[in-house]
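Good morning, and thank you for the time.

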Amino acid sequence: KALDRLDVAISQRDSYMQKQLQPIDSLKRQATKVEKTYLPQLYKQIGDKYHRCNIDSALYYYQKGIEASKDINNAELEQYLRLSHVALLPVQGVIKEAIEIYDSIAPNVFQQNKAHFYEVGNRLFYFASSFYPIKEYSEYYAQRAYVATDSLVKLIDKNSPEFHLYSAQLYADDNNQPMMIAEFSEVINTVQIE
């Protein structure tokens, strides 16, 4: 049954991709017409949409957003976009450099970017933990992921699916299976399936 659904989903891949790309094309057209003060936010939106379907394009538009933010002296948005960019680098095998950039941002995180900072830390360090086969490194990055996730759940809406998802991760790391299952159940109950 699950394989049948997977076959159907794969057969609909092109229509799914088209659905994802239509709003991106619209945003790209807007980017050719807007004042430069709006460009960083527009590039952020394009990067966020590409994030789901094309990592290379997402990285490209986050980088354009970083440069556009510098042009208008918006350090807060520049930092946000740099974090978004860093979060995707490990997918391309750029782990060490991504961690170095992340750590360089750490001392000066804008208050408005803190949740995003910890969310990126969650992704980055869990990825690094699973990548390194040597237990010492794996455990080090798993601990960093735990700290980032613990900080994140203190900042996000307690009723959001993200809160329950990240809480489930923490309970899984603590080997508290009943609470992990309870939190995952909350995620399932709150997420809308399209």
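I shall go through the aromatic pairs, the nonpolar cores, one glycine, and finally the surface.

A word on the source: this is a predicted model, in which local features need pLDDT of at least 70, side-chain atom pairs count only at pLDDT 80 or more, and totals for chains, interfaces and linings use all residues. Residues are numbered from 1 along each chain as its sequence is written, and side-chain values use heavy atoms, with hydrogens and water left out.

I begin with the aromatic rings. A pair of aromatic rings is described by the distance of the centres and the angle of the planes. Here, rings of Phe, Tyr and Trp (its six-membered ring) pair if their centres lie within 6.5 Å; planes under 30 degrees apart are stacked, over 60 edge-to-face, and the rest tilted. The whole structure holds 11 aromatic pairs. One of them is the tilted pair of Tyr-43 and Tyr-61, at 6.0 Å centre to centre and with 40 degrees between the planes. This pair links distant parts of the chain, 18 residues apart: Tyr-43 belongs to helix H3 (residues 39-50) and Tyr-61 to helix H4 (residues 55-71). Helices are DSSP runs of H or I, at least four residues, numbered from the N terminus.

Tyr-50 lies in helix H3 and Tyr-61 in helix H4, so the pair ties together parts 11 residues apart in sequence. Tyr-43 is buried at 10%, Tyr-61 at 12% and Tyr-50 at 6%.

I turn to the cores. A nonpolar core is a set of buried Ala, Val, Leu, Ile, Met, Phe, Trp, Tyr and Cys residues joined through side-chain atoms within 4.5 Å. The largest has 34 residues, of which Tyr-43, Ile-46, Ile-99 and Tyr-102 touch the most other members. Helices H2 (13-31), H3, H4, H5 (75-88), H6, H7 and H8 (135-153) each give two or more residues to this core. Apart from it lies another core of 6 residues, among them Leu-152, Val-153, Phe-163 and Leu-170.

Next, the glycine. Gly-47 is found in helix H3 and is buried, at 0% relative accessibility. Leaving aside neighbours within four places in sequence, Gly-47 is in contact (heavy atoms within 4.5 Å) with Ala-58, Tyr-61 and Tyr-62. The C-alpha atoms of Gly-47 and Leu-59 are separated by 6.8 Å, although these residues are 12 apart along the chain.

Val-91 sits in the loop between H5 and H6 and counts as exposed, at 52% relative accessibility. Ala-106 sits in the loop between helix H6 (96-105) and helix H7 (114-131) and is partly exposed, at 35%. Ala-106 and Phe-117, 11 residues apart in sequence, are 8.1 Å apart in space, C-alpha to C-alpha. Thank you for your attention.

Methods: Buried means under 20% relative accessible area, exposed over 50%, partly exposed in between (1.4 Å probe, protein chains only).
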